[in-house]
Amino acid sequence: MTSIASIAARPQVGFNVRRIREDFPILRQTVHGKPLVYLDNAATTQKPRAVLDALMAYYSEDNANVHRGVHLLSERATQAFEDARATVQRFINAASTREIVFTRNATEGINLVAQTFGRTRLGPGDEVVISAMEHHSNIVPWQMVCEEKGASLRVIPITDEGALQLEEYERLLGPHTRLVSIVHLSNVLGTINPVQQMIATAHRRGVPVLIDGSQAAHHMTVDVQALDADFYVFTGHKLYGPTGIGVLYGKERLLEEMPPYQGGGDMIKSVTFEKTTYNALPYKFEAGTPNIAGAIGLAAAVDYVTGIGMDRISAHERELLAYGTAALSGVPGLTLIGTAAEKSSVLSFVMDGVHPHDIGTVVDQEGVAIRTGHHCAQPLMQRLGIPATARASLALYNTREEIDVLVAALHKVRELFT
Amino acid sequence: MSDLRELYQEVILDHNRRPRNFRAMEGANRHAEGYNPLCGDRLSLYLKVEDGVIKDASFQGSGCAISKASASMMTDSVKGKTLGEARGMFEQFHQMVTGNADPLAHPERLGKLAVFEGVRNYPARVKCASLAWHTLRSAVDAKDEVVSTEAE
């Protein structure tokens with residue numbers, strides 16, 4: 001903790017991206033004979049040594065099952081697992097560790113809310129409000145529960161620049177709205193939605209709000225109490241942590257009212273064949289042996305980013321986004337998709353006469369990893385009238401030089417196809 | 001760029017820029033839809049079949065250079081072939097792009113289509129090259145369904 005304190009005490013120290021890159025062993029390699037330029041961070045981020053070490057240390061020294069052994073290893077594993085929960089609680093400023101439920105990923109967090117809160121609150125004629133820029137993971141779980149309950153989805157439209165139409169949002173909130181579920185930061189457009197304001201709007205009508213923070217939690221400070229979010233989900237692997245671990249934050253009052261999601265061990269207080277008493281929060285929602293190592297790895301990732309400082313990470317990425325926006329705009333025939341005023345970390349684009357998939361293959365040969373396709377947001381692609389985009393997405397370890405490599409590769413794309 | 005030229009051969013780039021048989025067909029009696037969910041490629045294939053012979057073939061849709069060129073060259077090459085021969089070409093093409101057959105062993109079978117051999121070195125692009133062919137097989141077998149390459 002001394003290192004974190006000493007960094008925090010030097011707020012004006014420059015962001016040393018060279019030093020940060022040394023923390024990520026995977027970035028040292030070459031691909032197709034070129035230095036790796038990893039710009040697919042919205043899909044998943046790379047892991048710092050601190051996370052890899054935490055996983056290794058857990059399995060080398062403390063591995064045991066949690067919450068049940070009387071032996072020392074089980075006590076250590078339980079302690080580390082619950083410490084991880086407390087780390088996450090502080091990270092998003094939740095009021096209590098009882099409000100932090102470990103899941104597999106953000107998708108599971110949304111499904112959990114849909115299948116518990118949704119199934120008990122929704123009835124025929126009721127409505128769930130989502131937006132036109134949602135990832136499939138914030139569409140399909142609601143469609144499933146709506147179909148079962150005779151409820152329906154209402155969709156907030158977006159502008160051509162990729163911002164939500166807030167006056168339409170206000171109009172969509174009606175007497176039948178039971179929940180609003182919207183993305184904090186769009187994985188395709190990079191748009192940062194004004195979720196605090198949108199939550200306040202919904203709350204004035206007594207409607208609770210779920211925020212999908214999959215793309216937000218590693219780019220900006222998230223304070224669930226300041227937002228007054230009722231539910232907030234995010235995933236570990238986009239936050240420089242391992243895959244297979246995610247977080248559902250829920251207000252304690254709401255989580256208490258909700259029935260369990262899955263049944264099994266750990267989520268019970270007592271079981272007889274006649275009746276089972278469920279465990280207290282958050283364990284009620286954590287059936288079976290959890291991803292203990294994943295939670296510990298996630299906590300190491302949270303310590304890593306808070307050690308650097310989320311504000312400094314945001315500032316670095318903001319500067320890179322501005323640089324990248326200008327650099328890409330200079331490539332002939334290239335159109336940026338998603339130009340909302342408030343955005344972060346995502347550069348989606350199309351090029352005249354070249355399909356995104358071909359762009360992806362050509363830049364890969366130059367060592368540059370980007371994503372191409374519909375990015376699990378097919379309704380958004382339909383709204384934009386394009387089948388796919390190419391997407392470069394930024395993380396704390398990216399540099400201006402890497403953007404330059406991307407731009408040079410895009411010139412090669414043009415050479416080849418025009 | 002030399003490696004890329006193996007994939008994006010001049011013939012392929014040419015068919016991408018100026019796809020042949022790129023139109024809906026009046027009087028087609030076989031039709032199939034192809035869809036590649038990974039990249040959003042969509043393809044409508046039209047065939048005119050008389051006495052078991054493909055008299056005409058055309059396509060419409062949007063896709064990457066590999067999928068468009070593949071559909072363009074495929075529609076050229078199946079004209080005049082019997083349905084049985086078209087099925088055989090599907091098998092040979094599929095084996096070539098998945099790396100299970102050497103096209104040079106029987107150069108006469110695939111002819112110009114051998115330019116797609118480089119695709120075998122790009123596993124993520126095999127679906128692109130084979131979408132048109134999966135759609136053809138569906139049209140030949142007269143299955144009324146959207147063909148997807150997702151399970152490729």
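At what angle do helix H12 (residues 310-329) of chain A and helix H15 (residues 400-417) of chain A pack? The first view answers this. The model is predicted: local features need pLDDT of at least 70, side-chain atom pairs count only at pLDDT 80 or more, and totals for chains, interfaces and linings use all residues. Residues are numbered from 1 along each chain as its sequence is written, with chains lettered from A and ligands numbered from 1 in the order written.

**View 1. Helices H12(A) and H15(A) pack together.** The angle is about 20 degrees, and the axes (lines fitted to C-alpha atoms over the stretch in contact) lie 10 Å apart. H12(A) and H15(A) are therefore roughly parallel (an angle under 35 degrees). H12(A) supplies Leu320(A), Tyr323(A), Gly324(A), Ala327(A) and Leu328(A) to the contact (C-beta atoms within 7 Å). H15(A) supplies Arg400(A), Ile403(A) and Val407(A).

**View 2. Strand S7 (residues 177-183) of chain A is largely enclosed by the rest of the structure.** Why? Five of its seven residues are buried (20 or more other C-beta atoms within 10 Å of a residue's own).

**View 3. S7(A) pairs with strand S5 (residues 127-131) of chain A.** Strands pair if DSSP finds at least two bridges between them. Here there are three, and the strands run parallel. Val128(A) stands opposite Leu179(A).

**View 4. S7(A) also joins strand S8 (residues 209-212) of chain A.** Four bridges link these parallel strands. Val180(A) has Val209(A) as its bridge partner.

Technical notes:
A residue is buried if 20 or more other C-beta atoms lie within 10 Å of its own, exposed if 12 or fewer, and partly exposed in between; C-beta atoms are placed from the backbone. Helices (H or I, at least four residues) and strands (E, at least two) are DSSP runs, numbered from the N terminus. Axes are lines fitted to C-alpha atoms, for helices over the stretch in contact, and angles run from 0 to 180 degrees between N-to-C directions. Angles under 35 degrees count as roughly parallel, over 145 as roughly antiparallel, 65 to 115 as roughly perpendicular and the rest as oblique. Two residues are in contact if their C-beta atoms, placed from the backbone, lie within 7 Å.
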